[in-house]
Amino acid sequence: MKSNIDQCIKCSICNVYCPVLQTTGLFPGPKLSGPDAERFRLQRKAIPSDWLAFCDYCKICEMVCPHNVPIPELHVRSRIAWGKKRRPSSREWLLGHSYLLERLGSWTAPFSNWLVGWAFFRWLLDRGLGIDRRTKIPFFRRQTFERWFRSRPFMSGKPIAYFYGCYTNYIDPALGRAVVEVLEKNGFRVTLPAQECCGLPLIGNGFFDLAARLGEKNLKSLRKSVDEGLEVVFSSPSCGMTLMQEYGYILHIPGSSVVAENLYEISQFLLRLYEEQRLNTNFKKINETYYYHVPCHLRALQVGLPALELLYLIPGLQIIELPEGCCGLAGTYGFKRDNYAVAREIGEEIFQAIRKLDARRVISDCEACRMQIAHQTGVKTFHTIQILRQAYGE
Ligand code: SF4
Ligand code: SF4
């Protein structure tokens, strides 16, 4: 554990910044559900455990806490204990195993896309499983990123490993292609180590043992790349946060720190190249205005805002930062019928700013943020790397 609950000085700063507490009175806030409740839990005294289902795991409380009290970690530990006393619901199973659903959706596309768009099927999901019918289930791609990658000729260059994650593989292979092409523009040869789901949806829905098993496989494979002298990049801050933080702090997988030391968020990696004067800055002019939303899990990585610094290098490109805050979707959190309205309310300040500014194109590094922003406002959303790819010339 990173810090002791006794370091909590009751300042309530975490409560001020918690987006869920600002939205619903059903959640008592991070101070009470975290360090305060932990004292009761440690003495095996009963506390209302359904509080925990309201935390969207944005980690803002931990970032703002002056004493680094690991509140989200306390929540997860409590959920592990709580989970031992109850069977997960069908909804938790389905959302936790989203990597299997994405795989199935890709195999069976376009039928799967028709099915999830069918109003009756959505009604069934809503009534039967509690997955809100208003949620936007993304399109599954028949040609996965991995299949596209394997069909390419061998490229030369300095090898680098890429952890692409399930969303890129089954839903947004264009992002994976952009990552590969941007790295190739900088003299790298991308390799894909064997990989499983990072495990975050499993952690969020209470399947800790399976998350640990997938995590062990990922670490073994990434460790092999690291031992061969490769650096590893990822394009999803949520996957990266899980690999770098949750494998050690929550799942206690041995050896996670060695891999974490060699993992880089893709913009962080490219910015480092720039600082070392090794980045190919042969960017074409883009005379457009884009709006940028900072994902909570990127902040949790504590790497600054490398995407913004990279985007500023593109001539002609206007970047306007949207108001700080959580978009609300938080992986599978906003898919749940009881959370849908809370999730929308959490992100409302961002959605209102987008409408007021008449923004058409929003950049965000996290797939959940891109999904939620596109769903709630109708704008087109992009990953930073897709804009860099565009600046190199399609
Ligand atoms: S911000 Fe940290 S120190 Fe302050 S009340 Fe919350 S947990 Fe305690
Ligand atoms: S992780 Fe986010 S939602 Fe959960 S208690 Fe902390 S600030 Fe609130």
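Biologist: Which residues of α21 are buried?
Modeller: This is a predicted model, so everything here is computed from it. Helix α21 covers residues 367-377, and nine of its eleven residues are buried, so the helix is largely enclosed by the rest of the structure. The buried residues are Glu367, Ala368, Cys369, Arg370, Met371, Gln372, Ile373, His375 and Gln376.

Biologist: Which glycine takes a positive phi just after α21?
Modeller: Helix α21 spans residues 367-377. Just after α21 there is a residue with a positive phi of about 80°, and that residue is glycine 378.

Biologist: How far apart do the C-alpha centres of domain 1 and domain 2 lie?
Modeller: The chain is divided into domain 1, residues 5-83, and domain 2, residues 280-391. Their contact takes ten residues from domain 1 and ten residues from domain 2. On the side of domain 1 that touches domain 2, six residues are nonpolar, two are polar and two are charged. The C-alpha centres of the two domains lie apart by 27 Å.

Biologist: Which helix gives the largest share of the shell around ligand 1?
Modeller: There are 16 residues around ligand 1, and those that come nearest are Cys8, Cys11, Cys14, Cys65 and Val69. At least two residues of this shell are supplied by each of α1 (13-17) and α2 (30-42). The largest share is four residues, and it comes from α2.

Biologist: Which residues are closest to ligand 2?
Modeller: The shell around ligand 2 has eleven nonpolar, no polar and two charged residues. In total, 13 residues surround ligand 2, and the closest are Cys18, Pro30, Cys55, Cys58 and Cys61.

Biologist: How many polar residues does the shell around ligand 1 have?
Modeller: By class, this shell has eleven nonpolar residues and two charged ones. Its polar residues number three.

Biologist: Which residue of β2 is the bridge partner of alanine 161?
Modeller: Strands β1 (residues 158-163) and β2 run parallel and are joined by four bridges. For alanine 161, the bridge partner in β2 is threonine 191.

Biologist: Along β2, which side chains point to one face and are buried?
Modeller: The side chains alternate along β2, residues 188-191.

Key. Residues numbered from 1 in each chain as written. Chains lettered and ligands numbered in written order. Predicted model: local features only at pLDDT ≥ 70, side-chain atom pairs only at ≥ 80, totals over all residues. Domains from an automatic or database assignment. Contact = placed C-beta atoms within 7 Å. Nonpolar A, V, L, I, M, F, W, Y, C, P; charged D, E, K, R; others polar. Near = placed C-beta within 6 Å. Buried ≥ 20, exposed ≤ 12 C-beta atoms within 10 Å, placed from the backbone. Pairing = 2+ DSSP bridges.
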